[in-house]
Amino acid sequence: MRADEIGAAAAVGAALPIELRGISKSFAGITVVNSVSFDMRPGEVHALMGENGAGKSTLIKIMAGLYQPDAGEILVNGNAVRFASPKEAHAAGIATVHQELLLFPELTVAENIFLGQTPKTALGTIDWTAMRRRARQLLEELDSGDLDIDQKVVHLSVGNRQRIEIARALAQDARVLIMDEPTAALAEQDVQRLMSIVRRLRKRGVAIVYVSHRMPEIFALADRVTVLRDGNLAGAKPVPEVDEPTLVSMMVGRSIDRLYPAKQGKDGDTILELAGVAHRSVVQDISFKLHRGEILGLAGLVGSGRTETALTIFGVTPATAGQILIDGKPAIIASPGQARDLGIAYVPEDRAHQGLIRPQTIEDNIALANLRRLTRGLFVDAAKVAAEARGAIARFGIRARGPEQPVRQLSGGNQQKVVLAKWLATNPRILIMDEPTRGIDVGAKAEIHQLMRKLAGEGMAILMISSELPEVLGMSDRVLVMNGGRIVGQFDKEHATAEAVGTVMTRSYTREQAA
Amino acid sequence: MTAAKLFRHETILAALTVIAMIVLASLSDKFFTAENLLNQGRLMAEVGLISLAMTFVIVTGGIDLSVGSILGLTAILLGVFWKNLGLPLPAAILLAMVCGTFAGFVNGLIITRFSVPPLIATLATLALYRGLAEGISEARSVRGYPEWFFFFGQGEVLGVPFQLWVLGIATAIAAVILGLTPFGRATYATGANEVAARFSGIRVNAAKLWIYTASGFCAALAAVIFVSRVTTTRSDMGTGLELDAITAVVLGGTSIFGGRGTIIGTALGLILIQALKNGLALSGVKGDGTIVVIGLVLIGAILVGALFDRNRGG
């Protein structure tokens, strides 16, 4: 019955909280969304998928009123509308939970939820009682009564902040909630919690646009899925009618046969050795060997000291004890510049903050770690810089207008390729990759995995840090497990199973036991 | 394409400068004469030298408020070294400039070693250096310099004021360093994203240390020219000069948040301000009126810049 009603409503185009018809949008002559139609029914979770650069971000920004379409129309409850600003989209009941959460850290939870629509008393002052009561009520409805409404947001975790953003959307009476990769930065238990909140919202009749790369979530949550490819609609289907391979091939336009490429060649000599290395008390007693041609996986929970170990090898936080040997010779690494000159490259976990200078162009970013090589006499050789960037764009298949496009305009996967290109241009022998595929779609992910295998096959030694256990197990020739700032386990490829590695990762050690 | 983008603000500024010149020339027939223009160039040199280094400072996302005080301190030291300590004048000049440069180095050290925000660090040294200058001078001025010393501030080479040559050469060197060298790249990278610059192997702290030291050096050089031009040394010399320099840099399109800006822009900003000051004074506008006009031009230039920024999109 209900389904029939919705079907009927869809037929006349009425009562749909939002419907897009034939939307097109181009930037600087490049069409990023091409005649895409998309609609939301009340009380459904509609997954929006596609590779990075497929046009998902642009489409949701159009719905949120941040961009205006070049062609096509937007209908809200069957009436054609035009959002001149995000404010107008809000007024039409469309709210967004952004990837980078837009809260005010110095304000309390309750203040953040009601910012811009604070309850007022008859005198026109803020009605604190009403605001706090309604904030508590909203959080209760989201199964988040554990959040202290008087706490400042600055102290809260990403997962908690996200719940506040959702509460804020509800406070605005949102009928459509756009969630842009909501689980990208969440720990596993927060993911479960978020999914239960999404189910509650669905029951309340909120329509949820769910953008994610994670297949398990899509199958667990979504009612329908729309896939974009190169700005075009690749298909829209009810979730029960699709499976994972279908979705992947819809996204990439071809089928990806193997997820993880097989090892080529054999391990060579030891190139990097750590002997009892420590940085203050953050990481302690780190000893391991890395060989040429090997991919060594570094597993562990967030905060277990994996990144800190990488930063110590790379000279950002120089070792305070122990010895680092390169080719068997002791090396002192006190700065990233020294590490680079020793043939070490580090692709950091936080692309936007550590990896790239986003306002600058692709060529400038690639040149930055290679200035010495790209300088002739006293001057930077602009022709060489451009040639280097053009080579990288071709080699890594970076989707860009050209070497002079600012990096911030690229999609996540392409930005990651720029970081990789920058570091591979330094001709490293040791490559440290921290979360190499975080927030990247399946197609780009497979490309990066293949590239890693190829580099290892050519004799490069790769140290890979990843929070995705399947990635660690699939890519690594050997796995080290960190816990509490120490290495607590080592597994060969045969013995590295999800259970074995997972157990060591999550076991709680006291300092003494770990030592 | 990059060049087109980079020069957009500078093009507007150049057009604005030309228009201002034409208007001012029509208001007073004394304005657009070789003699007046060269004389204005003479007056512009001190702020100009400081603005060049200030461009680097602001491109890294920093600020140097102490330059006016460094100028004052260097001037006083010059006088004291020569008159009170009896050093030969060339040695006094050199030593005073070393001290001024060292004052800039100290700024850099405070900022890089102790991670003090540049605004706070140089606000403190603004007071510190000015206090030192006043303490050392004991409110006495130094006069009676030998005739040859006045060449720096009053002499001419090929009919052009000596300090205008210095400013011209310094501008060319600064433009080349910022625009074409690895050091320039490091400067922009530091201002745009310091963490990413460091993670790319750029020696961020070394670059900053050099830049604040150069800022001290430029202020010291300006001090020598200043003393030579006005033939006397007083402890309040250069008060407020930092704001004139910052105005020229910002008017020239350098982002106060760092990562963006050019020497050509700063040079244009400098010329526009000096032309307005002089031209309006010649046209009978009172001093207060001139400041108001400069303020309005600055706001206008920033609004236009912001407008282009938005259109550029992202």
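**Entry 1. Strand S20 of chain A**

I began with strand S20 (residues 461–465) of chain A, where five of the five residues are buried, so the strand is largely enclosed by the rest of the structure. I note here that the model is predicted.

I next looked up the pairing of S20(A). Strand S19 (residues 430–434) of chain A runs parallel to S20(A), and five bridges join the two. Within this pair, I recorded A:Ala461 as the bridge partner of A:Ile430. S13(A) also pairs with S20(A) in the parallel sense, over four bridges. There, A:Met464 of S20(A) stands opposite A:Gly297.

**Entry 2. Strand S21 and its partners**

I followed strand S13 (residues 295–299) of chain A to S21(A), with which it pairs in the parallel sense over four bridges. A:Ala299 has A:Val481 of S21(A) as its bridge partner.

I then checked the burial of strand S21 (residues 478–483) of chain A and found it mostly covered, with five of its six residues buried. Strand S22 (residues 486–492) of chain A runs antiparallel to S21(A), and six bridges join them. In S22(A), A:Gly489 is the bridge partner of A:Val481.

What lies between S21(A) and S22(A)? I found a hairpin with two residues between the strands. In the turn, A:Gly484 has a positive phi of about 60 degrees.

**Entry 3. Helix H14 of chain A**

I compared the length of helix H14 (residues 382–396) of chain A with expectation. At 1.5 Å a residue, its 15 residues should span 21 Å, and the end C-alpha atoms are 21 Å apart, which agrees.

Which residues of H14(A) are buried? I listed A:Val385, A:Glu388, A:Ala389, A:Ala392 and A:Ile393. Viewed down the axis of H14(A), these buried residues fall within an arc of 135 degrees, so they line one face of the helix. The background is that an α-helix has 3.6 residues a turn, so residues three or four places apart point the same way.

The face of H14(A) turned away from the buried side carries the exposed residues A:Ala383, A:Ala394 and A:Arg395. I also looked up what the buried residues of H14(A) pack against: helix H13 (362–368), strand S18 (379–380) and helix H15 (412–424) of chain A. Just after H14(A), I noted a positive phi of about 60 degrees at A:Gly397.

**Entry 4. Domains of chain A**

I took the bounds from the domain assignment of chain A: domain 1 (1–93 + 174–255), domain 2 (101–173), domain 3 (264–343 + 429–442 + 452–515) and domain 4 (351–427). The centres of domain 1 and domain 3 of chain A, taken over C-alpha atoms, are 39 Å apart. I found nine residues of domain 1 of chain A in contact with five residues of domain 3 of chain A. The domain 1 side of this contact has five nonpolar, two polar and two charged residues.

**Entry 5. Contact between chains A and B**

Lastly I examined the contact between the chains, which takes 25 residues from chain A and 20 residues from chain B. On the chain B side, helix H8 (182–192) and helix H9 (194–199) each supply at least two residues. H9(B) gives the largest share of that side, five residues. By class, I recorded the chain B side as ten nonpolar, seven polar and three charged residues.

How values were computed:
Residues are numbered from 1 along each chain as its sequence is written. Chains are lettered from A and ligands numbered from 1 in the order in which they are written. This is a predicted model: local features need pLDDT of at least 70, side-chain atom pairs count only at pLDDT 80 or more; totals for chains, interfaces and linings use all residues. The expected span of a helix is 1.5 Å times one less than its number of residues. A residue is buried if 20 or more other C-beta atoms lie within 10 Å of its own, exposed if 12 or fewer, and partly exposed in between; C-beta atoms are placed from the backbone. The arc is that of the directions from the helix axis to the C-beta atoms. Two residues are in contact if their C-beta atoms, placed from the backbone, lie within 7 Å. Domain bounds come from an automatic or database domain assignment. Ala, Val, Leu, Ile, Met, Phe, Trp, Tyr, Cys and Pro count as nonpolar, Asp, Glu, Lys and Arg as charged, and the others, Gly among them, as polar. Two strands pair if DSSP finds at least two bridges between them.
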